[in-house]
Amino acid sequence: MKTIPYWLDDFPRPADLPTAPLPERIDVVVVGGGYTGLGAGRTLARNGHSVAVLEQGNIGNGASAMNGGQAGPGVKLAIQEVFKKYGPELGRQVWQATLDSMTLLEETLAEENIDCDYTPNGVIMAACKPSHYQAYAAKTEWMQQNLQYDRFKLVPPEQMHTELGTNIYHGALVDYGTSGLHPAKYLFGLARAAARAGAHICENTRVEKITRHGDGFTLATSRGPVQANAVLLATNGYTTNLVPQIQRGVFTVGSYMIVTEPLPEALQKELVPNNRVIYDSKWFLNYFRLMPDGRMSMGGRNNLSPNLDVGESAQILSARMIEIFPQLKGVPVTHTWTGQLGVTFDLMPHIGREEGVYFAYGYGGHGVALSAYLGKEAAELMTGKISRSPFAEVSHQKPFYYRGNAWFLPLAAAYYRFLDSVS
Ligand SMILES: Cc1cc2nc3c(=O)[nH]c(=O)nc-3n(C[C@H](O)[C@H](O)[C@H](O)COP(=O)(O)OP(=O)(O)OC[C@H]3O[C@@H](n4cnc5c(N)ncnc54)[C@H](O)[C@@H]3O)c2cc1C
């Protein structure tokens, strides 16, 4: 079993991906070469700004090459809760922005000719308990009434076999607005697009210190200093204390994945007949799907730590996979890996500015479509092209007890396990 992300094994960093020498001086430095950073870099370069995207590893070092490849609207916090917390006006703007992020994704793939096995077949949200199915039914009605969203379809328990080859779920909700993609192909395509637009992509360049002075910033990097007029931190689940006030608003959670070897075509059809992506209704949810080459993938966690052993997590995820699909007993697992999510205390993504440095982060497992969109919005806010974004307006919780050490993760995990047992 390989302990590298399947996506990068299947589609490694292309040898001809453009890289640039580190500039001495530039308009904007973007720190982090995932979807957020590259989305921002592409936008800034297209708008005529000189920009360098500094990535501490190679492109593909972060979550953007390691995720489940489920791209859909919405944020981690349930949209009904967004309405309750921030009011219907801001709530509607947040929802619309997440729809716009899907449009941006599809436009980018088309404009930049990115082939990333994009499958707009929808997502199955599978109900683990009868009460979860009832909540899906209520949500469908709420979405119609409040957002005129009509892309949800309820799948009653007796029809579940039309969607999944398992009988463990109590019905489901399909959202036709969600798609599957190959995360690494999308990421490298986005990197090429940003470079084509004129962004300098500087790999193996770790930003070690950011110093603000009168007319800009000096960044100390592992490859020497850079002067910039503006800086955007796009480090999400890999955020450190470069700017402590920025780190205080986000913490890191691990997510774990496995894939099997390719399945016979008949078995693929039996397990996921409509080739949709899937996640279930638990707090500690599992997400799974067929890969473009017919493997089954299974992701999730039963702990929030980013430091679990990937061999052990493979055993836990394999057991869960067989619980869902007993047909997969004995099918070899070929890859196991982990990546880091950026989660905020209010479960909302945020754009902001601290000590003069901009940031965009906090997708909490909903970043495949949203992150490049927030990168674009942050870039346009920085340069005055737009004057507002809902993600810059939602209040941003930074509790006094968090200074970069997420000591509370085991407590939060115990709480979520409790919720899973009672709700
Ligand atoms: C296993 C897993 C499964 C997931 N599944 C899904 C899914 O199915 N659907 C979904 O919507 N979301 C999913 N996500 C979340 C999604 O992948 C992220 O929200 C998204 O990739 C965030 O992109 P990003 O560019 O903000 O961060 P990243 O892609 O993590 O990029 C941050 C980059 O910053 C770099 N960096 C950090 N510090 C420095 C520094 N000092 N100097 C230079 N570079 C630095 C890191 O090396 C890293 O490459 C998943 C995440 C994981 C880990």
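Author: What follows goes through the sheet, strand by strand, and then turns to the helices on it.

The model is predicted, so local features are described only at pLDDT of at least 70 and side-chain atom pairs count only at pLDDT 80 or more, while totals for chains, interfaces and linings use all residues. Residues are numbered from 1 along each chain as its sequence is written.

Two strands pair if DSSP finds at least two bridges between them. Strands of a sheet pair through backbone hydrogen bonds, either parallel or antiparallel.

The open sheet is formed by eight strands in the order β5-β6-β4-β13-β14-β15-β12-β16, and its pairing is mixed. β5 (152-155) and β16 are the edge strands, each pairing on one side only. From one strand to the next the twist averages 20 degrees, where axes are lines fitted to C-alpha atoms (for helices over the stretch in contact) and angles run from 0 to 180 degrees between N-to-C directions.

Consider strand β14, residues 287-290. In a regular strand the side chains alternate between the two faces of the sheet. In β14, Y287 and R289 point one way, F288 and L290 point the other way, and all are buried. A residue is buried if 20 or more other C-beta atoms, placed from the backbone, lie within 10 Å of its own, exposed if 12 or fewer, and partly exposed in between.

β14 has a partner in strand β13 (residues 277-280), which it meets in the antiparallel sense over two bridges. Six residues lie between β13 and β14 in the hairpin that they form. Opposite F288 of β14 stands I278.

β14 also pairs with strand β15 (residues 296-300), again in the antiparallel sense, over four bridges. There, F288 has M298 of β15 as its bridge partner. The hairpin of β14 and β15 has five residues between the strands, and G294 in that hairpin takes a positive phi near 85 degrees.

β15 is joined to β12 by four bridges, and the two run antiparallel.

Helix α9 lies across β12, β15 and β16, at about 100 degrees to β16.

How far apart should the ends of α9 be? Helix α9 (residues 310-324) has 15 residues and should span 21 Å at 1.5 Å a residue, which agrees with the 21 Å between its end C-alpha atoms. The expected span is 1.5 Å times one less than the number of residues.

The buried residues of α9 are S313, A314, L317, S318, M321 and I324. Seen down the helix axis, they fall within an arc of 140 degrees, so they line one face of α9; the arc is that of the directions from the axis to the C-beta atoms. Among the elements that cover these buried residues are β12 (251-260), β15 and β16 (333-343). Turned away from the buried side, the other face of α9 carries the exposed residues E312, A319 and E323.

Terms used
Contact = placed C-beta atoms within 7 Å.
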